[in-house]
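Thank you all for coming; I would like to take a few minutes to walk you through one structure. Please have the sequence and the model open while I speak.

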Amino acid sequence: MARANSSRVTEFIVLGLSDKRELQVLLFTIFLLAYAMVLLGNLLIIAAVRTDPKLSSPMYFLLCNLSFIDICCTSVTAPRMLVDLLCPRKAIVFEGCIAQLFFLHFVGSSEMFLLTVMAFDRYTAICKPLHYTAIMSRWTCWLLVSSCWAGGFLHSITQTLLTVQLPFCGPNTIDSYFCDVPPVIRLACADIYTTEWLMASNSGLISLGCFLVLLTSYVPILLTVRGRVPHGHCKALSTCGAHLAVVTLFFVPCIFIYLRPFSTFPLDKYVCVSYTVFSPVMNPLIYTLRNSEVKESMRRLWKR
């Protein structure tokens, strides 16, 4: 046993989503288009918000930060996944795997916190309009966004330290298309009972807690709008429904993956696609196509 533990794994073999060549080419095309849409859509949002003085409210400041996080989140996994889909041998060095794990949880948890802050912003704007400018001041917005990044860093560094302290002496095959905590720690040559509970209570509870806060925030919003004009209620219901659809697409898979230690399914790697690829694609569509001010700003930006 001591001899086995002394042989440290230097690289991991990533199995990817499929071993069939025809399907790999199809997936490469789909994910390349999705990644291009993420980059183009979110960069347009950032450019529109940064260049248009009319989009200076806290909502657009938070939206700009969400677009930046979406670009970072997708860029952690998508480029590597695209390369692996065309390569016969999908290997990643140990240090690269840990780095991918760290940055994925860093930007992923920061996005969870930021979506919660955006829900609080909408709650304040609709339910407390007279106090909105005082509550959501510029300084408060910067403080909230900084707290999101700080919370994401603390979460990620905790997950990373719990992972790197485990001994890895083989096997080294990851049944996924990227390095994440659940598939990686199950390759450790040690008892991971305590580690799995700690990670589930960290990632899982953060995902579930943020999701419940988001759902709860929409209740007073809809009740407030319901007491106003009927067409405003329909518009708010439609907007909230679209936002909830995107939020659900992001949070539910995270809860499914991280809130159940000691079990893994072959379906897990396909579930991960929803929050690493498709959710960042949907965010710019939902937050721009349903917002006339952002669309008008993009038109002016295009004309310039």
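This is a predicted model: local features need pLDDT of at least 70, side-chain atom pairs count only at pLDDT 80 or more; totals for chains, interfaces and linings use all residues.

Residues are numbered from 1 along each chain as its sequence is written, and side-chain values use heavy atoms, with hydrogens and water left out.

Let me begin with the charges. Side chains of opposite charge can pair when their charged atoms come close. Taking a salt bridge as a side-chain nitrogen of Lys or Arg within 4 Å of a carboxyl oxygen of Asp or Glu, the count comes to 6 salt bridges. One of them joins Arg 89 to Glu 11, with the closest N and O atoms 2.4 Å apart. Arg 89 lies in the loop between α3 and β2 (91–93), whereas Glu 11 lies in strand β1 (residues 11–14), so the pair ties together parts that are 78 residues apart in sequence. For these names, helices (H or I, at least four residues) and strands (E, at least two) are DSSP runs, numbered from the N terminus. I will call a residue buried under 20% relative accessible area, exposed over 50% and partly exposed in between, with a 1.4 Å probe and protein chains only. Arg 89 is exposed, with a relative accessible area of 53%, while Glu 11 is partly exposed, at 23%.

What does Asp 70 touch, if we leave out residues up to four places away in sequence? Asp 70, which is found in helix α3 (residues 58–86), touches Val 38, Asn 42, Glu 111, Pro 280 and Asn 283, where contact means heavy atoms within 4.5 Å. At 0% relative accessibility, Asp 70 counts as buried.

Turning to the rings, the structure holds 14 aromatic pairs. Rings of Phe, Tyr and Trp (its six-membered ring) pair if their centres lie within 6.5 Å, and planes under 30 degrees apart count as stacked, over 60 as edge-to-face and the rest as tilted. Phe 250 and Phe 251 form an edge-to-face pair, 5.3 Å centre to centre with 90° between the planes, and both are buried. Elsewhere, ring pairs link Phe 68, Phe 102, Phe 103, Phe 106, Trp 149 and Phe 153 into a cluster.

Finally, consider the surface, where Leu 23, Leu 26, Ile 30 and Phe 278 make a nonpolar patch of about 330 Å². Patches are made of residues with over 30% relative accessible area and no salt bridge, like charges being joined within 9 Å and nonpolar side chains (Val, Leu, Ile, Met, Phe, Trp, Tyr) within 5 Å; accessible areas come from the Shrake-Rupley method with a 1.4 Å probe, and for residues only the protein chains shown count as cover. Helix α2 (residues 21–51) gives the largest share of the patch, 3 residues. Ile 30 is found in helix α2 and, at 36% relative accessibility, counts as partly exposed.
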